[in-house]
Amino acid sequence: MTSRPSPLPAPRPRLFRFSALTLVGLLIAALAGAPVASVGFNLLAGGTSSTWSHLAATVLPEYIQNSLALCAGVGIGVATVGVATAWLTTMHDFPGRRFFDWALVLPLAVPAYVMAYVYTDFLQFVGPVQSLLRDTFGWEYGDYSFPDVRTLPGAMLMFVFVLYPYVYLLARTAFLERAGGVLEAARTLGIGPWRAFFSVSLPLARPAIATGVALALMETLADYGTVAYFAVNTFTTGIYRAWFSLGDRIASAQLAAMLLGFVLLLVALERLTRGRARYHNTSLRRRSPAARLRGPAALLATLACLTPLLLGFLVPAGLLLRMALGEGDAQFGERFVVLARNSFTLAGLTALLAVGLAVLLAYSARLSRHGLTRGFNRVVGLGYAVPGTVIAVGVLIPVTRLDNWLAGQWQTWFGSNPGLLLTGGIAALVYAYLARFLSVALQTVEASLAKITPNMDDAARSLGLGQAATLRRVHVPILRGSLFTAGLLVFVDVMKELPATLVMRPFNFDTLATQAYTLASDERLAEASTAALAIVVVGLLPLIALSRQIARDRH
């Protein structure tokens with residue numbers, strides 16, 4: 001008999017086989033998510049401070065009430081304005097429709113806190129509106145009542161007219177892709193236009209609308225400048241006061257954790273609203289012919305689109321320009337150059353780092369077959385949903401401890417005190433920006449990288465190129481346009497960012513955003529106009545490109 005050879009032992013499965021590039025991607029993702037983890041850790045490790053007990057008994061109910069009221073008012077407002085304008089411009093033809101198609105996104109260039117400063121000056125007692133009323137009707141002080149814009153409803157309106165483009169853009173895309181053929185089928189069944197809108201088009205666009213509303217509400221919860229200027233107490237103002245006025249990092253971390261809970265609840269509600277709904281465009285026709293509006297209907301459609309554009313962009317931009325050119329800024333000159341240099345340095349450095357890190361993260365996820373890598377990238381993708389104040393608290397607590405330890409070690413080794421190496425400069429601030437805005441660059445790069453066929457990677461490998469060489473010589477040249485777009489988006493976001501900059505900027509280091517906030521808080525609105533106008537002009541850059549893309553898609 002011939003003996004059978006004994007079977008070879010099965011090789012042990014290797015659970016984790018990561019390349020060096022994948023490990024780098026995991027490290028970057030972990031560092032980007034560390035600030036949020038730091039907030040949770042300090043919340044659990046810090047216990048209950050006396051400051052927190054005082055806050056919970058006095059102002060915490062007001063924080064919760066105002067935050068919920070803002071979310072309700074802004075959510076209803078942006079959904080109404082965004083859906084109405086999207087429906088009118090996609091499904092109807094009326095005078096000015098081609099202009100409104102792209103112009104309705106322009107309010108995104110105006111930060112909400114800049115809008116708050118402008119309308120306060122415009123509507124105050126000595127402002128042009130009330131002065132015109134008194135001159136026209138001969139009224140004196142006390143003869144009439146005028147609504148105060150610096151209230152909770154006023155803050156709601158500021159957010160609605162700045163943030164409705166989130167809903168407009170997503171709803172517009174949904175109506176263009178899904179409304180046409182379905183509406184034609186509904187009309188053949190005898191369903192009228194209004195009933196077809198509410199029973200067919202609106203349900204089909206519900207996931208897109210829910211996503212747009214969720215984005216607008218995240219921006220609302222993250223805002224500090226508007227609510228602080230209008231004296232509306234929310235979690236962001238509470239975090240700032242607990243850190244700087246009360247000096248209690250535990251209380252600020254606890255408030256930050258509650259604010260983060262609100263944001264995560266919004267994300268969960270958006271997912272729940274979407275449910276398992278999936279819609280596919282199976283027709284080559286993207287839309288049915290637009291219905292031509294005439295007479296009063298055309299006039300109403302034009303006014304409905306003109307009003308949010310007028311209040312959200314044309315009026316504030318015009319008033320800023322008038323103040324900057326007419327009344328002038330006493331600090332314009334050398335001081336303005338320093339502010340612009342600081343802002344451009346922070347924005348440019350963050351944009352370059354964000355694009356480079358986003359390329360590494362996206363490429364490592366492309367190479368790795370492990371779900372862990374993609375999971376870490378999804379954690380980074382949540383960074384934009386985390387308010388700047390939460391990121392600032394999450395960065396400052398561990399980085400300050402590290403800074404103090406480094407200073408102590410330096411003192412021991414070299415006998416001199418170097419000061420604060422990280423928080424004393426812009427390093428910690430740039431880290432906070434990256435933790436929040438890296439997701440913007442990552443999503444842009446991932447979307448573009450996914451369009452490159454894996455066959456190009458295989459071809460490069462067959463020619464002897466390694467992973468790094470393939471990235472440098474094949475993918476980066478193809479992605480050049482997307483990398484520029486990603487960098488531009490991060491640049492604009494950093495230019496507008498206020499809460500994290502206020503909390504973390506080094507001593508005697510101001511930016512255009514902090515300058516505008518400081519001067520406006522001191523009621524020096526004319527002096528704040530140049531800094532605010534510069535922020536708006538920079539914010540227009542990506543919107544111009546977006547507007548051109550909208551015009552091409554429509555025609």
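Me: Leaving aside its neighbours within four places in sequence, which residues is Met504 in contact with?

Reply: This is a predicted model, and in it Met504 is in contact with Ala392, Val395, Leu396, Ala428, Leu429 and Ala432, once the neighbours within four places in sequence are left aside. Met504 also belongs to the largest nonpolar core, a set of 160 residues in which Tyr117, Leu255 and Met504 touch the most other members. The largest share of this core, 16 residues, comes from α7.

Me: What span should helix α5 have at 1.5 Å a residue?

Reply: The expected span is 1.5 Å times one less than the number of residues, so the 12 residues of α5 (residues 112-123) should span 16 Å, which agrees with the 16 Å between its end C-alpha atoms. This helix is mostly covered, with 10 of its 12 residues buried, among them Tyr113, Met115 and Tyr117.

Me: Where do the buried residues of α6 fall when seen down its axis?

Reply: In helix α6 (residues 128-137), Gln130, Ser131 and Arg134 are the buried residues; they fall within an arc of 105 degrees, so they line one face of the helix. These buried residues pack against α5, while Leu132, Thr136 and Phe137 are exposed on the other side of α6. After α6 comes Gly138, whose phi is positive, near 70 degrees.

Technical notes. Residues numbered from 1 in each chain as written. Predicted model: local features only at pLDDT ≥ 70, side-chain atom pairs only at ≥ 80, totals over all residues. Heavy atoms only, no water. Core = buried A, V, L, I, M, F, W, Y, C linked by side-chain atoms within 4.5 Å. Buried < 20%, exposed > 50% of the residue type's maximum accessible area, 1.4 Å probe, protein only. Helix = DSSP H or I, 4+ residues; strand = E, 2+ residues; numbered from the N terminus. Contact = heavy atoms within 4.5 Å. Arc of directions from axis to C-beta.
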